[in-house]
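Hello,

Here is the structure we talked about. Notes on what was found follow below it.

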Amino acid sequence: MKLYNNDLSPFSARCRLMFYVKGIDVEMVDPFADLEPDAFRALTPLAKVPALQLDDGWVLPESETICEYIEQMHPEPSLLPSDPKERAKVRLIGRIGDLYMLAPLTTLFGNIDPSVRDHDKVVAAFTELKTALGWLDNYLDGSGHAVGGKMSLADCALVPILFFVRRIPQMFGKSICLLDAHEKTTKYWQGIFDEPAVNRVYEEMDSALKGMQ
Ligand SMILES: N[C@@H](CCC(=O)N[C@@H](CS)C(=O)NCC(=O)O)C(=O)O
């Protein structure tokens, strides 16, 4: 199995974290470094990372879809709780992350360079991000895991997002921590590093970000 991956991409990091927790070996290929754009597009018309390629050649894009496919194919250790409400909460946290946190983070990322910065968009994106952090905090319980006291696909989604939530203000010259206003999210962020796989993904993202700066 191959994962078309980029170490800094929060979507790729979500899948890597799932693979690390499940102990599944997968070959990592960075298509932006190692493939011609047309060759990558021929594999997946979306031409985005992550994309999973099975040994039979079948290619599946989209981080959430990849995580759910792998969860079904490799159910142990399980990253989806059996309780329906907890399972729904895993999906809800993934949706809050994808729709309401990664969207403003993507806008902010596109406005880091002051020479092309749209000030109004930056202000609006920070406001959206702070609102979504409040929504997220509502669904966390202040423990070191997002749902059910153990690793789940919600943690796989959340850790890479919170990595950027913590780093993005510095990229705009602000020395604030957006988590400080959210007690349960702060406690979550402190506790989740007890998981070795989380440390591994965090270090990969950190070193990729340093390489970019
Ligand atoms: N919804 C997708 C988003 C994937 C995505 O936007 N990946 C970015 C990297 S963070 C990408 O490959 N961008 C390249 C491009 O859009 O050309 C997912 O969950 O996998």
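Ile 168 touches Leu 105, Leu 108, Phe 109, Phe 126, Leu 129 and Leu 178, leaving out residues up to four places away in sequence (contact means heavy atoms within 4.5 Å). This is a predicted model, in which local features need pLDDT of at least 70 and side-chain atom pairs count only at pLDDT 80 or more, while totals for chains, interfaces and linings use all residues. Residues are numbered from 1 along each chain as its sequence is written, and side-chain values use heavy atoms, without hydrogens and water.

Ile 168 is also one of the residues that touch the most other members of the largest nonpolar core, which has 60 residues; Phe 19, Met 101, Leu 162 and Val 165 are the others. A nonpolar core here is a set of buried Ala, Val, Leu, Ile, Met, Phe, Trp, Tyr and Cys residues joined through side-chain atoms within 4.5 Å; buried means under 20% relative accessible area, exposed over 50%, and partly exposed in between (1.4 Å probe, protein chains only). Helix 7 (153-171) gives the largest share of this core, 12 residues. Domain 1 (2-73) and domain 2 (84-212) both contribute, so the core lies between them (bounds come from an automatic or database domain assignment).

Arg 14 lies in helix 1 (residues 10-22); helices are DSSP runs (H or I, at least four residues), numbered from the N terminus. Arg 14 has a relative accessible area of 6%, so it is buried. Its contacts beyond four places in sequence include Glu 64 and Asp 98.

Leu 99, in helix 5 (residues 84-109), is partly exposed because its relative accessibility is 40%.

Regards

Key. Helix = DSSP H or I, 4+ residues; strand = E, 2+ residues; numbered from the N terminus.
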